Amino acid sequence: MEDKAAALKRVHATAALVLEEYVKCQSSADAAVSVDEMRFPELRPEFVQRVLSASMDRAEAERGLGPQLLSSLVHRGALEPTDVEAGLEAALKGMEDSQKGAPHAVDYAAHAIAFFLEDKVVPETVLKYVPTFAGDELGQKVVAKVTTQLKLPLPITKFKAAVREVVDEYFVAGEVRSAVEQLGDLKEGRYGHEVVKRVLVTSLEKKNAEREMAS
């Protein structure tokens with residue numbers, strides 16, 4: 001039977017593998033299966049921390065994919081929001097050391113937290129504890145940058161607005177092909193769950209006859 005030490009090594013390997021695959025195809029389906037196959041659910045925060053750490057070390061254009069992957073895994077049910085919150089806490093506690101080798105650590109942490117907040121993965125109360133975990137000086141810098149970023153329309157915010165417009169138009173005009181083409185033009189497959197959610201939420205507000213359009 002696998003002990004925790006061996007399981008921990010497997011978690012680290014899984015984190016590296018699923019991030020690499022996500023960078024290539026930006027689909028979290030296989031990643032969700034890999035997470036489900038991991039034993040010892042208590043090690044999932046370690047998985048989150050490893051993904052965050054590994055994505056911070058990638059090229060600038062790819063750094064945001066770690067938080068996106070973790071958010072998608074939460075929406076798929078492979079991870080719990082508490083797993084992400086605990087993993088983020090661990091990452092912040094090691095931030096002082098991380099910054100020595102990665103000067104962009106503050107910017108990365110701020111982007112990750114802003115993304116998680118915007119995508120409703122972690123609660124806003126997490127900001128109160130950032131200085132405690134990361135240290136007062138670094139923590140305050142992170143919080144300030146998060147606050148600034150949240151005043152701007154993040155990519156997922158823009159995507160949600162675009163999806164809302166397409167779905168609302170579909171329920172008015174009933175043009176399936178047009179809706180599919182418009183959603184395809186958005187080129188954001190990793191946020192596909194937002195399309196499903198918007199269709200379901202909108203259909204619940206409609207009459208019975210219109211609800212059948214959601215299927």
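A crossing of two helices is right-handed if the near helix is turned clockwise from the far one by less than a right angle, and left-handed if the turn is anticlockwise. That term describes two helix pairs below. The model is predicted.

**Helix α1 against helix α3**

Start with helix α1, residues 4-25. α1 passes α3 in a right-handed crossing. Their axes lie 9 Å apart, and the packing angle is about 45°. α1 and α3 are therefore oblique to each other. On the α1 side, the contact is made by Leu-8, Val-11, His-12, Thr-14, Ala-15, Val-18 and Leu-19. On the α3 side stand Glu-46, Phe-47, Arg-50, Val-51, Ala-54 and Ser-55. By type, the residues of this contact between α1 and α3 are eight nonpolar, three polar and two charged.

**Helix α2 against helix α4**

Next comes the pair of α2, residues 29-37, and α4, residues 65-76. The axes of α2 and α4 come within 10 Å and cross at roughly 70°. Angles of 65 to 115 degrees count as roughly perpendicular. α2 and α4 are therefore roughly perpendicular to each other. The crossing of α2 and α4 is right-handed. α2 brings Ala-29, Ala-31, Ala-32 and Val-35 to the contact. α4 brings Leu-69, Leu-73 and Arg-76. The residues of the contact of α2 with α4 are six nonpolar, no polar and one charged.

**Salt bridges**

Side chains of opposite charge can pair when their charged atoms come close. How many salt bridges does the count come to? The count comes to seven salt bridges. The table gives examples.

| Salt bridge | N to O distance |
|---|---|
| Glu-46 and Arg-50 | 3.6 Å |
| Arg-58 and Glu-62 | 2.8 Å |
| Glu-137 and Lys-141 | 4.0 Å |

Take Glu-46 and Arg-50. Both belong to the contact of α1 with α3, and their side chains meet in a salt bridge. Why are Glu-46 and Arg-50 separated by about one helical turn? They are four residues apart in helix α3, residues 44-56, so about one helical turn lies between them. Glu-46 is partly exposed, at 22% relative accessibility. Arg-50 is partly exposed too, with a relative accessible area of 38%.

Glu-137 and Lys-141 sit in helix α9, residues 136-150. They are four residues apart, so about one helical turn separates them. Glu-137 or Lys-141: which is exposed, and which is partly exposed? Glu-137 counts as exposed, at 60% relative accessibility. Lys-141 counts as partly exposed, at 42%.

Arg-58 and Glu-62 belong to a network. Salt bridges link Glu-20, Arg-58 and Glu-62. Glu-62 is partly exposed, with a relative accessible area of 25%.

**Positive phi in two loops**

Most residues other than glycine have a negative phi. Gln-26 has a positive phi, near 50°. Where does Gln-26 lie? Gln-26 lies in the loop between α1 and α2. Gln-26 is partly exposed, at 31% relative accessibility.

Lys-120 also has a positive phi, near 60°. The loop that holds Lys-120 runs between α7 (105-118) and α8 (126-134). Is Lys-120 buried or exposed? Lys-120 counts as exposed, at 67% relative accessibility.

Key: Residues numbered from 1 in each chain as written. Predicted model: local features only at pLDDT ≥ 70, side-chain atom pairs only at ≥ 80, totals over all residues. Heavy atoms only, no water. Axes fitted to C-alpha atoms, helices over the stretch in contact; angles between N-to-C directions. Parallel < 35°, antiparallel > 145°, perpendicular 65-115°, else oblique. Contact = heavy atoms within 4.5 Å. Nonpolar A, V, L, I, M, F, W, Y, C, P; charged D, E, K, R; others polar. Buried < 20%, exposed > 50% of the residue type's maximum accessible area, 1.4 Å probe, protein only.
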